[in-house]
Amino acid sequence: MSFDPHAARREFPILGRQVHGKPLIYLDSAASAQKPRAVIEAMSGAMEHAYANVHRGIHTLANETTEAYERARESVRRLLGAGSVNEIVFTKGTTEAINLVASSFGQSLKAGDEIVLSQMEHHANIVPWHFLRERLGVVLRFAPVTDDGRLDLEGYRALLGPRTRMVAISHMSNVLGTINPVAEIIADAHAAGALVLLDGAQAVVHSRVDVRALDVDFYAFSGHKLYGPTGIGALYGKAELLASLPPYQGGGEMIGIVSEEQITYADPPHRFEAGTPPILEAVGLGAAVDWLMALDRDAVAAHEHALYDRVKERLNGANWITEIGTAPGKGAIFSFAMEGAHAHDVAQILDRYGIAVRAGTHCAEPLMRRFGMTSSARASFALYNTLEEADAFAEALTKTRTFFA
Ligand code: PMP
């Protein structure tokens, strides 16, 4: 198999539009990716043909909708290489998945227990752990990041100890593009007796994930970055771990028996899916996963790398651009500062050329501080971007520079 980005982008209706009279060049997929027809049609098709509430129904539509919802769980199981659908919990996204683990697993923690994070974490993988620091006196330790944006493995290992209970680290950085050596991270954490949660929000989009081969305990991701809808994501958890966790939220569907005196809980994954779930969004996510998995994912990854390489080649070492994150083998994310310019101004001028990039702290303030920056601009590439767009971006950057030089 191979991959044709021009054919793939025709599946994304929005990419045909213009911005400020210019063809849209969408380089903000790390924040949220655009949606292919397969997703749009799966969701509208469900609303038009097979929609009702899930699980509690006897009637045909309820059963059909439940089947569609559970089929989406099977798609996510395949995406992550999990052994059982019961290890896949639908959540609102990465943020909720991490909050679920911090909240439920956190109930077993005591003052002085340690959580190891890294300096390159998104706030979604920092703040829920801070809650435990504030509430329980849990200690947070941050593994250092090297100047080129790698996780400092020695520094990480030095933080592991007898009180380490959890290592929670991003699989791929949303700012630096760094892909962390997760197999080593996991093996070291397990040797220290700690569990591992990987924030897969970025990595799952660009690489093949196999939670069983990794032996990871928890894996979190969001649908909307994976060409699916917002409002849905998933948490993978090893069966025996999920079974040991108390519920996260209470309500319908997550119970065994409820009486006036007592409650019992359903088994995972339903124990963690209180209330009516995001049904249409699950259907959309299932469609996104199926669509993505039908592609040659290695060829897609090679294409995305080629886009990043092309931008670097076109900029040809321009000394007015400072890139943060140059780790070997990194993913297709280009975070930079332009000499003399604020990142927001850079993003605004690029928008006039029809180019969408993000500017700010990227919800990673500790990382920004690590690099002595208050913000950066970020171009993030997806499978539907083309080499021509990479060229246009580099050219627009050169023009943008004239406003500040
Ligand atoms: N982690 C990483 C690495 C991310 O890139 C993001 C989204 N920017 C998140 C977590 C949070 O994802 P969400 O907002 O979809 O919950």
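Predicted model: local features only at pLDDT ≥ 70, side-chain atom pairs only at ≥ 80, totals over all residues.
Let me begin with a term: a residue is called buried when its relative accessible area is under 20%.

Let me start with the overall layout. The domain assignment of this protein gives two parts, domain 1 covering 41–293 and domain 2 covering 296–401, and the C-alpha centres of domain 1 and domain 2 lie 28 Å apart. Their contact draws on 31 residues from domain 1 and 29 residues from domain 2. Between them, domain 1 and domain 2 bury about 2,400 Å², with 57% of that area on carbon and sulfur atoms. On the domain 1 side, the residues that lose the most area to domain 2 are H123, V175 and L176, which together account for 25% of what that side buries. The count of salt bridges between domain 1 and domain 2 is 2. Separately, I can point you to the salt bridge that D147 forms with R370, where the closest N and O atoms are 2.6 Å apart.

Now please turn to the sheet. Here 4 strands form an open sheet with antiparallel pairing, in the order β13-β14-β17-β16. The edge strands, each pairing on one side only, are β13 at 321–324 and β16 at 358–360, and from one strand to the next the twist averages 30°. Strand β14, residues 333–338, is joined to strand β17, residues 376–380, by 4 bridges, and these two strands run antiparallel; if you look for S335, you will find that its bridge partner in β17 is R378.

Two helices go with this sheet. Helix α13, residues 343–352, packs on the sheet and touches β14, β16 and β17, while its direction makes about 160° with that of β16. Helix α12, residues 297–315, lies across β13 and β14, and runs at about 30° to β14.

Is I324 buried or exposed? Its relative accessible area is 5%, and because the cut-off for buried is under 20%, I324 counts as buried. Leaving aside neighbours within four places in sequence, I324 is in contact with V175, L176, K330, S335, M368, F371 and M373. By way of a distance along the model, the C-alpha atoms of I324 and S104, which are 220 residues apart along the chain, are separated by 35 Å.

How values were computed: Residues numbered from 1 in each chain as written. Heavy atoms only, no water. Pairing = 2+ DSSP bridges. Axes fitted to C-alpha atoms, helices over the stretch in contact; angles between N-to-C directions. Contact = heavy atoms within 4.5 Å. Buried < 20%, exposed > 50% of the residue type's maximum accessible area, 1.4 Å probe, protein only. Domains from an automatic or database assignment. Buried area = accessible area lost by both parts, 1.4 Å probe. Salt bridge = Lys/Arg side-chain N within 4 Å of Asp/Glu carboxyl O.
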